[in-house]
Amino acid sequence: MLVIVQGHDPRAAAPSVPTGATKSATINISGGEAWRINFTVDARSTGNAGFLVFPAGRPGRKVRVMLKDPGDPDEVTTAVVKGYTIGGVFSTPVFASGIVAEAAAAGPGPAAVEGLPLNEWVAFPSPALKSRLASFESDGEKYFAVAPVRLEKGGLTTLFAEWDDGKAMLLMVRGYDPAGKAPSAPSGTYNQVVVNISGGDAWRINFTVDPKSAGDTAWVVFPASTPNRSLRIMVKSPGDPDAVTTAVVKGYTIGSVYKTPLHLFAR
């Protein structure tokens, strides 16, 4: 088991930390089923957030975690139970440079889904959106940006995208968390909507959400293939009429319509 608490956003370059501090605290054990670790936060920290990182090694692996603050005394964490030590102490303070956005204070339930806003242009990927970077083994080695977005069941949605390099663009809206295995969608629906064009600098696509969806969250996925590529996107709900999305402007069609409804799976 490898679980890491990092003092900086793992999507960004690791910062330098002051002498006597460290960038992360780590649980790294060769086997077992439980472990705990005590660590302190460096008093000189410039931020107020850490980032919990679980490099699972393979799809579908999970772990249950709890962060306790204030933590247990060191002697409790390192106690011997049934002949075995149950935890360890990380002696070097973790320097925290991450910042918790005010939106992260939302309570449990629908309001706690952090991700893309509706009806406004945003840069993607963007740390402000709580988008994450990932490499999914099932899709090969790419630089993915991923962010959830809440959609209305049965509603019409328009996804807009703009980019500056003129290259081919692949952008997906998946009805399931792409970190897991792709599920089979019910008959007459599909599990993702895809923008896939060979070049240009803008596109839009209309799609509807299956009214019988088991969930209400989709995931926008941008498989950039190279690091540092970005675009601007907007998820518009209710979406534009099909005639607007497929209009011809200056001799060119500006978008398309995805006819098969997108099924949103339960989280």
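Predicted model: local features only at pLDDT ≥ 70, side-chain atom pairs only at ≥ 80, totals over all residues.

User: Where is valine 65 placed?

Analyst: Valine 65 lies in the loop between β4 (51-53) and α1 (74-77).

User: What makes Leu52, Val63, Val65 and Leu67 a nonpolar surface patch?

Analyst: A patch takes residues with over 30% relative accessible area, and nonpolar side chains are joined within 5 Å. Leu52, Val63, Val65 and Leu67 make such a patch, of about 370 Å².

User: Why do β1 and β2 count as paired?

Analyst: Two strands pair if DSSP finds at least two bridges between them. Strand β1 (residues 2-6) and β2 have five bridges, in the antiparallel sense, so they meet that cut-off of at least two. Within this pairing, glutamine 6 stands opposite serine 24 in β2.

User: Which strands form the open sheet, and in what order?

Analyst: Three strands form the sheet in the order β2-β1-β4, with antiparallel pairing. β2 (24-28) and β4 are at the edges because each has a single partner strand, which leaves one side of each without a neighbour in the sheet. On average, neighbouring strands of this sheet are turned by 15° against each other, direction ignored.

User: How many helices and strands does the protein chain have?

Analyst: The protein chain has two helices and 19 strands.

User: What share of the residues is buried?

Analyst: Buried means under 20% relative accessible area, and 34% of the 267 residues in the protein chain are buried.

How values were computed: Residues numbered from 1 in each chain as written. Heavy atoms only, no water. Patch = residues over 30% accessible without salt bridge, like charges linked within 9 Å, V, L, I, M, F, W, Y side chains within 5 Å. Areas by Shrake-Rupley, 256 points an atom, 1.4 Å probe, with all protein chains shown as cover. Salt bridge = Lys/Arg side-chain N within 4 Å of Asp/Glu carboxyl O. Helix = DSSP H or I, 4+ residues; strand = E, 2+ residues; numbered from the N terminus. Axes fitted to C-alpha atoms, helices over the stretch in contact; angles between N-to-C directions. Buried < 20%, exposed > 50% of the residue type's maximum accessible area, 1.4 Å probe, protein only.
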